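Q: I have a model open here and would like to go through a few of its features with you. Could you keep to what the coordinates show?

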Amino acid sequence: MDNLFELPHPLPEQETFEPLLPDRGVLIERIISTGQASPPGHWYDQERDEWVVLLQGRAKLVWEDGRTRELAPGDHVFLPAHERHRVEWTSREPPCIWLAVHGDLRGVRG
């Protein structure tokens, strides 16, 4: 893949996670969502920080403490390690294209 906006045809039914560089302490990946959401009652509780930007589509994140955030193209979120959250919904048309960076990011975040 040479273009973040180039989508496979046909689109897969499953959400796809594509590492863009080898994970050497920091993982950079493209995620394609086509209407997926976190399973009911499931909360992500990640070992590493995550910074994610939504490049295309729309989505809604929910945090265990009750906060919510709807995302549009260009919106980005920093999720510290162990900050429990879930994906409430993602758009199918257009598909969501995410760029996610995972690692120990608190020291590099302005």
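Q: What classes of residue make up the lining of the largest pocket?
A: Bearing in mind that this is a predicted model, the lining divides into 9 nonpolar, 7 polar and 3 charged residues.

Q: And which of them lie nearest its centre?
A: Of the 19 residues that line the largest pocket, those nearest its centre are Phe17, Ile31, Tyr44, Glu50 and Val87.

Q: How much space lies in that pocket, and which strands supply at least two residues of the lining?
A: The space in the largest pocket comes to about 290 Å³, and at least two lining residues each are supplied by strand E2 (27-33), strand E3 (49-56), E7 and E8.

Q: Switching to Pro95, where is its place?
A: Pro95 sits in the loop between strand E7 (85-90) and strand E8 (96-103).

Q: Buried or exposed?
A: Pro95 counts as buried, because its relative accessibility is 5% and the cut-off for buried is under 20%.

Q: What does Pro95 touch?
A: Leaving aside residues up to four places away in sequence, Pro95 touches Leu7, Leu11, Ile32, Ser33, Thr34, Gln56 and Gly57. With Ser33, the C-alpha to C-alpha distance is 5.9 Å, although Pro95 and Ser33 are 62 residues apart in sequence.

Q: Now the largest nonpolar core: which residues have the most contacts inside it?
A: That core has 13 residues, and those with the most contacts inside it are Val52, Leu54, Leu61, Leu71, Val77 and Trp98. E3, strand E4 (59-63), strand E6 (76-79) and E8 each supply at least two residues of this core.

Q: And what does Leu61 touch?
A: Not counting residues up to four places away in sequence, Leu61 touches Arg67, Thr68, Arg69, Leu71, Val77, Arg86, Val87 and Trp98.

How values were computed: Residues numbered from 1 in each chain as written. Predicted model: local features only at pLDDT ≥ 70, side-chain atom pairs only at ≥ 80, totals over all residues. Heavy atoms only, no water. Helix = DSSP H or I, 4+ residues; strand = E, 2+ residues; numbered from the N terminus. Buried < 20%, exposed > 50% of the residue type's maximum accessible area, 1.4 Å probe, protein only. Contact = heavy atoms within 4.5 Å. 1 Å grid on protein atoms, 1.4 Å probe; cavity = no way out; pocket = protein on both sides within 12 Å on 5 of 7 lines; lining within 4 Å. Points joined across faces, edges and corners; volume = space filled by probe spheres on them. Nonpolar A, V, L, I, M, F, W, Y, C, P; charged D, E, K, R; others polar. Core = buried A, V, L, I, M, F, W, Y, C linked by side-chain atoms within 4.5 Å.
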